[in-house]
Amino acid sequence: MLTQEENELVTRTGPGTPMGNVMRRYWMPAVLISELPEADGAPVRVRLLGERLVAFRDTSGKVGLVEEFCAHRRASLFLGRNEENGLRCVYHGWKYDVNGKCLETPTEPAGSNFKDKIRLKAYPTLEMGGLVWAYLGPKEKIPPPPKFEFTQVPDSHRYITKTWQECNWLQALEGGLDSQHTSFLHKALTSDRVRSRYGQSATGYRARSATPLHDVEETDYGLLFAGVRPLGDEGNYVRTYHFVMPFYAIRAAQQGIVAGARRPIVAGHMWVPMDDENCMVYDWLYSFGEAPIDQKWREEFEWGSGRGPEDRTADFRKVKNRQNDWMIDRKAQKTLGYTGIEGINTQDHAIQESMGPIVDRSQEHLGASDKAIIAMRRMLVEAARSIEKGINPLGTGSEYYKLRAIDKILPDGVRWQEALKDEIHAGMTPGKRLA
Ligand code: FES
Ligand SMILES: [Fe+2]
């Protein structure tokens with residue numbers, strides 16, 4: 001549990017809050033590149049850390065990210081005209097460039113230099129790995145570019161979707177670090193091996209040994225942890241995860257271990273705070289092998305997740321959402337899947353949104369399986385408390401660049417931290433052993 005004071009400290013990310021100051025030290029995804037496909041195309045609304053912004057691609061191809069409201073009388077620039085290297089407010093024609101500089105104030109007398117005094121708040125952006133990233137922090141603290149491995153593979157080897165989640169970012173992230181819930185929340189009730197939208201079939205190593213041991217280690221980017229499932233004579237099934245500060249997770253997704261055909265695929269998530277009661281979840285996967293992602297497999301995976309095109313609205317909200325109780329089907333809950341909610345991902349969102357906009361962590365009772373969550377929260381509290389003293393938060397360098405998460409069967413008695421070192425974190429030395 002956290003005290004109410006700690007809970008406030010780690011969940012609030014608006015301007016001027018301690019956690020907001022921590023968040024403003026990282027590159028964060030703002031939009032998918034596919035949302036800004038062409039020069040002078042339609043601007044897009046962006047909400048980040050409680051700030052209302054608008055993104056647009058100008059005539060030269062540069063992406064601007066500026067405050068949403070015009071400096072004149074605060075009309076929304078989402079309605080603006082994107083023309084000749086600037087975004088023009090349609091109320092009285094004031095125009096701004098990608099740096100927020102006011103270029104024209106046509107309502108002022110000829111010869112007026114009024115425009116030179118006007119500026120919109122604007123943030124630096126960069127395009128990498130299918131995403132437009134933004135940096136909202138102090139200029140002198142800008143970190144190196146976010147070269148996660150998934151951003152460095154060809155576009156054909158990567159797939160990213162995004163979904164609006166209607167709750168605070170932290171309870172969403174906590175669901176991602178909690179590997180134990182898979183055996184319950186996502187359980188299918190039929191023995192059908194075909195994956196349905198109601199749950200995952202109880203086959204494979206995860207089903208044979210339902211209660212993994214959890215190893216969690218602190219690193220200089222966040223946490224490295226693993227679920228270890230004993231398989232008797234065969235050894236141990238080890239599934240690794242990385243948590244990179246402040247909201248990135250990388251997990252093993254070589255689903256083939258169960259199906260008998262391993263795929264060199266890694267998956268992950270980014271839980272980006274829009275404001276304190278909403279976050280945008282970016283889900284990605286990539287192939288680190290020679291072959292690109294098999295599109296048929298990918299479409300089935302998205303369908304099973306509840307992240308297919310039919311599952312979301314144009315602004316990335318869910319069709320099955322808290323307003324309609326995620327379309328829970330009580331009959332299916334008795335016969336098909338543990339929740340009666342369709343879509344593995346929708347199940348995650350439903351259960352996290354069901355806690356309310358910001359869960360009260362002073363009321364919890366954490367157990368042995370919550371070890372990674374406890375370690376992660378400790379790290380966030382520490383970061384929020386030390387940022388004011390000028391201490392750089394973890395993961396603001398390039399420590400995470402080569403990280404990869406894999407799963408493997410290892411002989412009993414072999415330490416996974418040693419055996420998998422080169423494969424999962426490019427030769428870095430694991431940090432302090434926590435448990
Ligand atoms: S409000 Fe934008 S130009 Fe007047
Ligand atoms: Fe889940």
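In helix H10, the buried residues are Ile 344, Asn 345, Thr 346, Gln 347, Asp 348, His 349, Ala 350, Gln 352 and Glu 353. The model described here is a predicted one. The protein chain has 435 residues, and 56% of them count as buried.

**Helix H10 and its surroundings**

- Helix H10 spans residues 344-353, and nine of its 10 residues are buried, which leaves the helix mostly covered.
- Gly 304 counts as buried because its relative accessible area of 2% falls under the 20% limit.
- Between Gly 304 and Ile 33 there are 271 residues of separation in sequence and 25 Å in space, taken from C-alpha to C-alpha.

**The largest cavity**

- Four cavities of 30 Å³ or more are found in a search of the whole structure.
- The largest cavity holds about 100 Å³ of space.
- H10 is the element that gives the most to the lining of this cavity, with three residues; the lining includes Asn 345, Thr 346 and His 349.
- Other residues that line the largest cavity include Thr 163, Arg 307, Asp 311, Arg 312, Lys 318, Val 319 and Lys 320.
- When sorted by class, the lining of the largest cavity has six polar residues, five charged residues and one nonpolar residue.

**The second largest cavity**

- The volume of the second largest cavity is about 80 Å³.
- Its lining includes the run Arg 25, Tyr 26 and Trp 27, together with Pro 143, Pro 144 and Pro 146.
- Phe 148, Tyr 248, Gly 395, Thr 396, Gly 397 and Tyr 400 are also among the residues that line the second largest cavity.
- The lining of the second largest cavity is made up of eight nonpolar residues, three polar residues and one charged residue.

**The second largest pocket**

- The second largest pocket contains about 450 Å³ of space.
- This pocket is lined by 24 residues, of which Val 44, Arg 45, Val 46, Trp 164 and Asp 315 are the closest to its centre.
- Strand E2 (44-48) gives the most to the lining of this pocket, with five residues.
- At least two lining residues each come from strands E1 (27-32), E2, E3 (51-57), E12, E17 (265-275) and E18.
- The lining of the second largest pocket divides into 17 nonpolar and seven charged residues, with no polar residues.

**The chain as a whole**

- The protein chain contains 13 helices and 19 strands.
- Its C-alpha atoms fill a box of roughly 85 × 50 × 50 Å along the principal axes.
- Among contacts with a separation of 6 or more, 62% are between residues 24 or more positions apart.
- The protein chain exposes about 19,100 Å² of area, and carbon and sulfur atoms supply 52% of that area.

Conventions
Residues numbered from 1 in each chain as written. Chains lettered and ligands numbered in written order. Predicted model: local features only at pLDDT ≥ 70, side-chain atom pairs only at ≥ 80, totals over all residues. Heavy atoms only, no water. 1 Å grid on protein atoms, 1.4 Å probe; cavity = no way out; pocket = protein on both sides within 12 Å on 5 of 7 lines; lining within 4 Å. Points joined across faces, edges and corners; volume = space filled by probe spheres on them. Helix = DSSP H or I, 4+ residues; strand = E, 2+ residues; numbered from the N terminus. Nonpolar A, V, L, I, M, F, W, Y, C, P; charged D, E, K, R; others polar. Buried < 20%, exposed > 50% of the residue type's maximum accessible area, 1.4 Å probe, protein only. Contact = heavy atoms within 4.5 Å. Areas by Shrake-Rupley, 256 points an atom, 1.4 Å probe, with all protein chains shown as cover.
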